[in-house]
Amino acid sequence: MTGQRGRSGRRSPVFTPHLTSFGAAGGAVRSRLKRLRELPDDLLPLSQELLARGLRASFSLTAAEVAEVREALARHGVAPLVRAAYAAHQPLRPARWWSAWIGLWSGLPTRLPARSAAPPSAADTPPPRRPDVTAAGLTACRAALAARRTLRKSTAGQA
């Protein structure tokens with residue numbers, strides 16, 4: 001019991017709830033959101049690159065958040081994730097946990113698929129260049145533009 005001094009000089013009783021009731025509820029929430037404290041080996045390259053750029057944040061993620069980071073890492077690679085985190089970095093208010101970057105990382109546009117090392121097929125090869133056809137096409141385009149200009153001038157004089 002705690003209280004404040006009353007008029008008679010005695011402390012008046014003030015109700016303070018039992019802390020065990022709050023501790024029990026908090027324990028249930030903590031058990032559902034079990035956070036991993038150790039960095040998994042597959043996220044070590046990302047961690048090292050973040051540290052190299054001066055981005056020091058605590059790992060402490062839930063299993064679902066670790067899965068999101070792994071998905072973003074598989075989709076984008078280490079360098080784009082580090083660039084995105086560095087671009088969002090605020091020196092006066094730095095990110096304290098990796099969870100601050102998860103939304104940023106999962107919202108990155110996906111990179112283009114890597115080109116295969118197989119030789120191009122006949123459908124992929126452009127048609128061979130023919131200077132005579134190209135020159136004839138260029139001459140035809142110039143003639144069409146000149147005719148259009150002449151037509152505009154003649155219709156503009158009539159109006």
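Me: Does Ser47 count as buried or exposed?

Reply: This is a predicted model, in which local features need pLDDT of at least 70, side-chain atom pairs count only at pLDDT 80 or more, and totals for chains, interfaces and linings use all residues. Residues are numbered from 1 along each chain as its sequence is written, and side-chain values use heavy atoms, with hydrogens and water left out. Relative accessible area under 20% means buried, over 50% exposed and in between partly exposed (1.4 Å probe, protein chains only). With a relative accessibility of 14%, Ser47 therefore counts as buried.

Me: With which residues is Ser47 in contact, leaving aside its neighbours within four places in sequence?

Reply: Ser47 has its place in helix H2. Contact means heavy atoms within 4.5 Å. Once neighbours within four places in sequence are set aside, the contacts of Ser47 are Leu39 and Trp98.

Me: In what order do the elements of the chain run from the N terminus on?

Reply: Helices (H or I, at least four residues) and strands (E, at least two) are DSSP runs, numbered from the N terminus. The chain has six helices and four strands. From the N terminus on, their order is β-β-α-β-α-β-α-α-α-α.

Me: Among contacts in the chain between residues at least 6 apart in sequence, what percentage join residues at least 24 apart?

Reply: The chain has 159 residues, of which 17% count as buried. For contacts between residues at least 6 apart in sequence, the share that joins residues at least 24 apart is 70%.

Me: Which residues of H4 make the contact with H2?

Reply: Helix H2 covers residues 44-52 and helix H4 residues 78-87; their axes come within 10 Å and cross at roughly 40°. Axes are lines fitted to C-alpha atoms, for helices over the stretch in contact, and angles run from 0 to 180 degrees between N-to-C directions. From H2 the contact takes Pro45, Leu46, Glu49 and Leu50, and from H4 it takes Val78, Leu81, Val82 and Ala85.

Me: How many residues of the contact of H2 with H4 are charged?

Reply: Ala, Val, Leu, Ile, Met, Phe, Trp, Tyr, Cys and Pro count as nonpolar, Asp, Glu, Lys and Arg as charged, and the others, Gly among them, as polar. In the contact of H2 with H4, seven residues are nonpolar and none is polar, while the number charged is one.

Me: Is the crossing of H4 and H5 left-handed or right-handed?

Reply: H4 and H5 pack at an angle of about 115°, with their axes 10 Å apart. Leu81, Ala84 and Ala85 of H4 meet Trp101, Leu104 and Trp105 of H5, and these contact residues divide into six nonpolar, no polar and no charged. A crossing is left-handed if the near helix is turned anticlockwise from the far one by less than a right angle, and right-handed if clockwise. The crossing of H4 and H5 is right-handed.

Me: What is H3 to H5 in orientation?

Reply: Angles under 35 degrees count as roughly parallel, over 145 as roughly antiparallel, 65 to 115 as roughly perpendicular and the rest as oblique. The axes of H3 and H5 come within 10 Å and cross at roughly 40°. H3 and H5 are therefore oblique.

Me: The backbone oxygen of which residue lies 3.4 Å from a polar atom of the side chain of His76?

Reply: His76 is in helix H3 (residues 63-76) and is buried, with a relative accessible area of 2%. A polar contact is a pair of N or O atoms within 3.5 Å; within protein, one must be able to donate a hydrogen and the other to accept it, and residues adjacent in sequence count only if both atoms are side-chain atoms. The backbone oxygen 3.4 Å from a polar side-chain atom of His76 belongs to Pro109.

Me: How far apart in space are Leu43 and Val66, C-alpha to C-alpha?

Reply: Leu43 lies in the loop between strand E3 (35-36) and H2, and is buried at a relative accessible area of 0%. Beyond neighbours within four places in sequence, its contacts include Phe59, Val66 and Trp98. Leu43 and Val66 are 23 residues apart in sequence, and their C-alpha separation is 9.0 Å.

Me: What is the phi of Ser60?

Reply: Most residues other than glycine have a negative phi. Ser60 is in the loop between H2 and strand E4 (61-62) and is buried at 8% relative accessible area. Although Ser60 is not a glycine, its phi is positive, at about 25°.
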